[in-house]
Amino acid sequence: MQQLINGVALGGTFALLGVGLTLIWGVMGVLTFAQAQVLTWGGFGTLVAWELGASVWVAFGAGVLTGAVVCVLVEVTVIGPLRRRGGSEFSFVAATMGVSVLLGFFLEWRTHAQTLTFPREGFPTGSMRIGALTLSELQVAIIVITILVSAALMATLRWTRFGRDVRAVAESREVASLLGVSPRATYWVVSAIAGALAAIAGIFQGVSNANISYSSGDHLLMIAFAVAVVGGIGSVGGAVVGGLAIGIVQVFAVAYVSSAFQQAAAFLAILIVLVLRPQGLFGREETVRV
Amino acid sequence: MIAPRSRGKRALAGGSLRPLAALCIALALSACVAPSPGSDEEGMPETIRVGAPLDLSGIAAIAGIGTGEKRGMEVAAAEINESGFLGDSKIELEFADTKADKRDAAAAAIKLVQQDAVHAIVGFTLSPSFSAGAPAAARAETPIVVPVFGTGLEAGDGYAYGIYPNLPKMYPPHDVEIAESLGADTAAYLYDSDNPTATAITDARRDALEAAGVDTVTVQEVTSTTTDYRAQLTKIQQEDPDILVVSVLPGQYPAIFLQREELSIDVQVIASDGVATRDSLEQAGDSMECTVFTTAWSALSDEGRNPTFIESFQKAHPDLLPDSWAAAGYDALWFYAHAVKKAGTVEGTAVRDALAATSDFSGAFGNYGMNQDGQTTIEGTVLMIRDGAVESWSADKSCKG
């Protein structure tokens with residue numbers, strides 16, 4: 001049970017990043033490599049606000065806002081112009097790789113490649129006992145926030161007018177425009193949501209480790225792609241389930257096989273899912289007309 | 001479900017890569033056959049060029065070590081040049097960022113010895129970078145002094161010498177002493193499996209403790225990029241060991257201790273060098289209390305040039321505290337300077353022989369020399385963290401975490 005909680009909490013971080021990736025791909029058709037740096041920038045947003053004297057909640061909000069703003073800026077300055085000039089999928093990949101390098105370089109330069117202390121005061125960092133279980137308050141917070149945020153996002157996309165607009169733009173930008181929906185505004189909002197989700201993951205990671213560096217999020221990018229793919233690219237619910245599943249598989253590999261197989265087990269599970277169901281757990285089969 | 005948009009064009013640009021490949025091959029060949037002007041220079045030149053390939057970026061936990069080494073080398077260079085230790089010759093450091101990447105380390109070594117014609121290399125952060133870059137320097141008969149080192153010195157083909165002691169040999173006797181003082185019967189191990197040095201250290205620590213009658217209950221692996229250790233820590237908790245022996249990168253310690261505390265895991269930790277940096281103590285707070293560790297360098301020591309090093313470092317970096325990595329960088333450059341002075345030349349083989357014959361060096365790590373394996377004779381000292389500060393450890397000291 002303890003390891004199950006460890007797995008769900010680990011998967012919650014994966015899910016937050018994966019949902020952002022799948023949202024950007026599903027709506028904008030862009031496979032972004034900048035999202036791990038957005039996660040890191042979100043953490044730094046909180047750190048800077050904290051150092052300026054902000055309370056924990058204001059600092060948390062500043063971090064989320066930083067992630068959202070960075071992601072929107074990437075859309076406005078790089079992805080948007082590239083889209084208008086008819087850039088291919090590969091050009092988006094290359095461009096977002098470049099953005100990731102630049103974002104990382106800036107932080108590396110500003111921090112002199114040092115790992116900085118991340119504030120923990122005010123965040124839930126204690127532990128609680130329920131029977132034989134020891135629950136980390138931070139793990140509980142990650143699980144609760146992941147579930148709440150994902151549920152709210154799915155509800156918004158399914159039942160609100162904004163959600164219909166997003167789905168319309170995802171289906172066809174041209175048709176959505178004819179229906180009075182602004183694709184550009186939709187892209188901005190979607191980017192902001194994806195950036196905010198990544199930032200939340202970055203803040204939790206900072207609190208968990210008590211430190212942050214320019215490369216804090218880099219190792220999560222591959223996992224986030226895997227989460228999006230295994231859940232079914234474009235599916236928010238799928239990314240949540242995929243993230244949690246990968247987190248649980250990684251932790252169970254440690255608990256019941258060997259810690260040596262932690263990474264390998266996750267990717268083995270992904271391969272099995274994709275071989276059995278190429279469109280992912282919640283993905284939709286595509287029909288290609290010739 | 002948000003449907004993905006229709007796919008874009010997949011056609012790759014049709015340009016040929018052959019001219020680029022030819023250029024790469026030509027450059028590689030020229031690097032192999034070009035002479036090494038730095039290594040066969042006789043006498044003392046006005047400027048002694050020292051290449052310093054260091055991991056200054058990349059994985060932050062490793063970059064922190066590289067930047068520490070760089071600071072120590074800069075302090076040493078200033079002392080050597082200002083004191084006139086090498087007469088009219090001045091040391092000029094040529095830093096290269098190897099980005100914690102083997103390919104960058106190999107490329108940097110080739111550039112430094114062939115293009116920049118350095119007289120020596122003082123650098124390579126950690127073993128993987130050294131293993132990748134050292135062969136090129138050794139082929140050019142360029143002496144190498146490595147500040148921080150673990151295993152695989154043979155890649156330097158007789159031209160490489162490490163300042164850090166052989167860690168797989170340094171830790172085990174101290175571990176056994178600590179375990180015996182605690183009356184430990186069982187041990188768990190947590191280490192970075194993607195780091196050959198950490199792997200070798202853990203194997204040696206485990207062998208020594210098992211030979212001393214301390215049974216292994218579990219061995220848990222992480223990697224240098226791991227940030228969530230809860231699965232491994234929970235597994236360790238379930239095995240209920242008397243001691244937990246940890247060998248990871250310095251930057252990983254705060255998270256391990258904090259997550260151990262969150263999960264209420266009460267086990268005595270025997271850590272490794274680099275656990276008690278100022279940043280780690282600040283970040284991990286009380287969770288590191290009572291941790292015992294063996295270190296090659298100690299700020300508490302007044303042996304050798306350590307007081308001078310600490311004073312010079314703090315003068316150069318008022319906002320920072322000196323650490324093991326800076327001490328290693330400092331001693332590495334001074335060690336090279338001593339060898340050059342003894343040899344009376346910067347010629348590669350002469351300096352190599354002088355490095356090997358050094359037996360009376362006085363540095364930040366104390367007074368020591370070079371053994372026949374090309375590593376120093378530093379024995380290390382055991383410290384503990386108590387009341388948020390580092391102090392000397394002894395078997396009769398008690399600590400309540």
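**Notes on chains A and B**

Trainee: Where does B:Ala364 sit?

Mentor: In chain B, B:Ala364 is in the loop between β11 (361-363) and β12 (366-368). Helices (H or I, at least four residues) and strands (E, at least two) are DSSP runs, numbered from the N terminus.

Trainee: Buried or exposed?

Mentor: B:Ala364 counts as buried, because its relative accessibility is 2%. Buried means under 20% relative accessible area, exposed over 50%, and partly exposed in between (1.4 Å probe, protein chains only).

Trainee: What should I know about the model and the numbering?

Mentor: This is a predicted model, where local features need pLDDT of at least 70 and side-chain atom pairs count only at pLDDT 80 or more, while totals for chains, interfaces and linings use all residues. Residues are numbered from 1 along each chain as its sequence is written, chains are lettered from A and ligands numbered from 1 in the order in which they are written, and side-chain values use heavy atoms, leaving out hydrogens and water.

Trainee: How far is B:Ala364 from B:Ser324?

Mentor: They are 9.2 Å apart in space, C-alpha to C-alpha, and 40 residues apart in sequence.

Trainee: Switching to rings. How many aromatic pairs are there over all chains?

Mentor: A search of the whole structure gives 18. One of them is B:Phe309 with B:Tyr330, with ring centres 4.8 Å apart and planes at 50°, so this pair is tilted. Rings of Phe, Tyr and Trp (its six-membered ring) pair if their centres lie within 6.5 Å; planes under 30 degrees apart count as stacked, over 60 as edge-to-face and the rest as tilted.

Trainee: Which helices hold B:Phe309 and B:Tyr330?

Mentor: B:Phe309 is in α10 (residues 306-316) of chain B and B:Tyr330 in α11 (residues 324-343) of chain B, so the pair ties together parts 21 residues apart in sequence. Both residues are buried.

Trainee: Which residues do ring pairs link into a cluster?

Mentor: B:Tyr164, B:Trp325, B:Phe335, B:Phe361, B:Phe365 and B:Tyr368.

Trainee: Now chain A. Where is A:Leu271?

Mentor: A:Leu271 is in helix α11 (residues 262-276) of chain A. It counts as exposed, because its relative accessibility is 52%.

Trainee: And how far is A:Arg161 from A:Leu271?

Mentor: C-alpha to C-alpha, the two are 37 Å apart in space, and 110 residues apart in sequence. A:Arg161 lies in helix α6 (residues 161-171) of chain A. At 63% relative accessibility, A:Arg161 is exposed.
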